[in-house]
Amino acid sequence: MVIFVNNLKFYIMNREKLSKLYKKYELSADDVFKHQHYMIITRAGIDKIQGIEGISIEYEVINSLQNFAVVKAYASKEGKEIQTFGSALKGETHRDGNCNTWYVMEMAEKRAMSRAVLKLTGFYELGVFGEDESEDFKRKNI
């Protein structure tokens, strides 16, 4: 029973933190949606957050092949700096890759940017991910 109480308390605390962050960054229902296991922020939502925070990002290409790319992002705001990566692999099928497009460099950059922005603003620690981070995270059209 103690575990349930602790998990419930953690859940309520996270909801309160997320609510404050959504308001701070003026995120609407168009910018955020619930995935099976996670909350997801769309590309437009990520752009809003980056703009409001004035996050500066520089990129370094770590690997670039026809069907695979890795990009390292160096992001900063107000003296706080992080480094993170984004990668993309175009496989023969959806089972042996992690992106559905041949634009692997651009996808790796978008993934690195999403992670950098969400990490610098506290979303990542609350289990929120960017829509570009996985093909599985795309909003389902109902």
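1. Let me start with a convention: two strands count as paired if DSSP finds at least two bridges between them. Helices (H or I, at least four residues) and strands (E, at least two) are DSSP runs, numbered from the N terminus. With that in hand, three strands form an open sheet in the order β3-β4-β5, and the pairing is antiparallel. The edges are held by β3 and β5, each with a single partner strand, so one side of each is left without a neighbour in the sheet. On average, neighbouring strands of this sheet are turned by 20° against each other, direction ignored. Axes here are lines fitted to C-alpha atoms, for helices over the stretch in contact, and angles run from 0 to 180 degrees between N-to-C directions.

2. A word on the basis of these remarks. This is a predicted model, in which local features need pLDDT of at least 70 and side-chain atom pairs count only at pLDDT 80 or more, while totals for chains, interfaces and linings use all residues. Residues are numbered from 1 along each chain as its sequence is written, and side-chain values use heavy atoms, with hydrogens and water left out.

3. Now the overall layout. The protein chain has three helices and six strands, and along the sequence they follow the pattern α-β-β-α-β-β-β-α-β. Of its 142 residues, 42% count as buried; buried means under 20% relative accessible area, exposed over 50%, and partly exposed in between (1.4 Å probe, protein chains only). The chain exposes about 8900 Å², of which carbon and sulfur atoms supply 53%. These areas come from the Shrake-Rupley method with a 1.4 Å probe, and for residues only the protein chains shown count as cover. Among contacts (heavy atoms within 4.5 Å) between residues at least 6 apart in sequence, 49% join residues at least 24 apart.

4. Back to the sheet, strand by strand. Strand β3 (residues 56–64) pairs with β4 in the antiparallel sense over eight bridges, and the two form a hairpin with three residues between them. Within this pairing, glutamate 58 stands opposite tyrosine 74 in β4, and serine 64 has alanine 69 of β4 as its bridge partner.

5. Lysine 77 has lysine 80 in β5 as its bridge partner. This hairpin has two residues between its strands, and glutamate 78 in the turn has a positive phi of about 45°. Seven of the ten residues of β4 (residues 68–77) are buried, so this strand is largely enclosed by the rest of the structure.

6. Helix α3 deserves a look next. Its 17 residues (104–120) should span 24 Å at 1.5 Å a residue, and the end C-alpha atoms are 24 Å apart, which agrees. For that check, the expected span is 1.5 Å times one less than the number of residues. Twelve of the 17 residues of α3 are buried, so the helix is largely enclosed by the rest of the structure. Among the buried ones are Met107, Arg111, Met113, Arg115 and Leu118. The buried residues of α3 pack against β2 (39–41), α2 (43–53), β3, β4, β5 and β6 (128–130). After α3 comes glycine 122, whose phi is positive, near 90°.

7. What does threonine 121 touch, leaving aside its neighbours within four places in sequence? Its contacts are Leu21, Tyr25, Ile49, Glu53 and Ile55. Threonine 121 is placed in the loop between α3 and β6 and is buried, with a relative accessible area of 8%. Its side chain reaches the backbone oxygen of valine 117 at 2.7 Å.

8. Finally, isoleucine 49, which is found in helix α2. At 0% relative accessibility, isoleucine 49 counts as buried. Beyond its neighbours within four places in sequence, isoleucine 49 is in contact with Tyr25, Leu27, Ile41, Val117, Leu118, Thr121 and Phe123. Isoleucine 49 and threonine 121 are 72 residues apart in sequence and 8.1 Å apart in space, C-alpha to C-alpha.

Methods: Polar contact = N/O pair within 3.5 Å; in protein donor to acceptor, adjacent residues only side chain to side chain.
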